[in-house]
Structure formats: structure tokens, C-alpha cells
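Dear colleague,

Please find the structure below for your use. My notes on it follow directly after.

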Amino acid sequence: MKNRTVSTLLYAQVVSMGTIPVRQPFPTQRVQQLDPFLLLHHHKLDAGEDAHWEGVGAHPHRGFSPVTFIFEGALRHRDSRGHNSVVEAGGIQWMNAGMGIIHSERPEDPNKSIELIQLWINSPAKHKMDQPLYFPVTREEAPSYLSDDKLAAARIFSGEVWGIKGKIDPLSPITAVTIEFKKGAKLTIPIPAEHTAFLYLLDGKVSVGGFGLVEGHHTAVFNRDGEGITIEALEDTRTLLMTGQPLDEPVVSYGPFVMTTQTQIMEAMRDYQMGKMGVLIED
């Protein structure tokens, strides 16, 4: 198997999403999107005197899938389609916003540590006006993989890796895997040759085969020039690996709406204001 080369490293600068500090490796002025991946936010709040986060209140989405990976703490999802569930560390909340949905995401205990990644995945144009769908997957429900040396543990949420298939069936071919490396672990990960692929490090340090050092809070973006990647952990490291079939479609976005034309954005704003995306009244 030929290893892919690294095309670029993106550092996750701290930005403000409203009053919430998040790390954002993309989009940036350098890289607008990694088709079909639109945005990545990494939020971490440690327990202590200053730890208090109320989460994100009711807000709309249309035209893409906001996916939240929970690494620490517990997050409650509510939406205008009647879903109300809590997913704890090790699980994810995957939502296809489709034609429009209003949701909120709040920690079960705003005074406890929480860490999460939210990733926006573009929906194919033909699915942007589908009925919204919500899929929670707990840590226990996610199929897992343990490396031969027992030093790397992965959870597969969508797609298929090492012959293991995730529970989520995305709107386009997407592989979503979280991997925890112990120092000294070495792991080869197959990737479909036609997929966009990136590896985000929440912390730690790894060596990427054929490239070298990648440190925490960086995203390694891979060229489409091989069938896999090889990772060696230089420290205990937590990572998110995403691969996806590029859509090669126009992207027009405004706030929480991602469509293919400006007219569709105007229609989304109108539909939200008219209440066509439903109503969410939190307890």
C-alpha cells in the first residue's frame, strides 16, 4: 500500500464563536474547505473555578450535516423534530439538517469539564432538501478496533476501515474514525484512493509516514496520491480521522445555511423566519 503524502499542515487558531472560544483549523484564508468538509471547531473547557458553559441555544441549519464528537463530559441534543437525547464521552451526534431543523446542544452539567469537536459536512445538492434526520451513537454502540500492539484504539462511526463498518450511513461516502494512540503505537490506516482525508490532533505528537512531526492542534491534510497513511505516536495522542468523497459542487453559505446558490440561501432565511423549520422551546 502506498502511503499518502501531506499537502499542508493547518494550525487550529483560537477564534470566538459568539462568546465561546474554539480552535478552528479550517476554514482559513488559506483553505476555505476540504471538500466535502466545511468547518471544524474544537472546544475544551476544564473543570474548575472558571468552568461554566451553557452550550449553544436553539438555532437553525439547512443543507449540511453538523456532526459533534464528544471526547469528555456529556452533551444533550434537542431539536424541532422532537429528538431529545444525551451522548457521553466517546460518542457522537450526527444530524442531517436537510430542508431545515432547529436544534440546541448543551452540556448536562455546565460546571464540569467538556471537550468536543463539531464538524460540518456538506450534503450533496440532491439531498439538501431531504427530511432532517438525527443519529446518536454512544461509545458502547460504536464498533471498535484495537491494533496488534494494543497501543492504538479506534472507534468507527461511518464508512469502513479494517473490515469494520460504522453505524452511520451518510448522505455521501464518508469515513469517520476517532483514534487514541499510546506512546510508541504504530498504525497503518487504509483510505479510499479518491477520498479527501485529514487527521486532526486534539493533543500529543505523532510522526506521519513520509512526512514527519505533527503536533497537537494541527490538522494534517493529505494529498490524494496513495491508499493509506501510517502514524507513529511520539506521545499519548487523541485524533480524529475523516475521509470523504469530494462533491465538486458549488458552495454558497450564510451563517447556519449551506446551499449551492445565493437564491437558495435567501429562501432558507425566508423559510426560517416563516417558521418552516419548526420550533424548539427548551425546558
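Predicted model: local features only at pLDDT ≥ 70, side-chain atom pairs only at ≥ 80, totals over all residues.

Residues are numbered from 1 along each chain as its sequence is written, and side-chain values use heavy atoms, with hydrogens and water left out.

Arg4 sits in the segment before β1 (6-11). Arg4 is buried but forms no salt bridge, and Asp225, the nearest side chain of opposite charge, is 5.5 Å away. Here buried means under 20% relative accessible area with a 1.4 Å probe, protein chains only, and a salt bridge needs a side-chain nitrogen of Lys or Arg within 4 Å of a carboxyl oxygen of Asp or Glu. The side chain of Arg4 does reach the backbone oxygen of Pro192 at 2.8 Å, and a polar atom of that side chain lies 2.9 Å from the backbone oxygen of His195.

The largest pocket holds about 300 Å³ of space. A pocket is an open set of points on a 1 Å grid where a 1.4 Å probe fits, with protein on both sides within 12 Å along at least five of seven lines; lining residues have an atom within 4 Å of a point. Its lining has 18 residues, with Met17, Val56, His59, Glu105 and Gln118 nearest the centre. This lining divides into nine nonpolar, eight polar and one charged.

The second largest pocket holds about 200 Å³. Its lining includes Trp120 and Val251, and comprises six nonpolar, four polar and no charged residues.

Yours sincerely

How values were computed. Helix = DSSP H or I, 4+ residues; strand = E, 2+ residues; numbered from the N terminus. Buried < 20%, exposed > 50% of the residue type's maximum accessible area, 1.4 Å probe, protein only. Lys, Arg positive; Asp, Glu negative; His and termini not counted. Polar contact = N/O pair within 3.5 Å; in protein donor to acceptor, adjacent residues only side chain to side chain. Points joined across faces, edges and corners; volume = space filled by probe spheres on them. Nonpolar A, V, L, I, M, F, W, Y, C, P; charged D, E, K, R; others polar.
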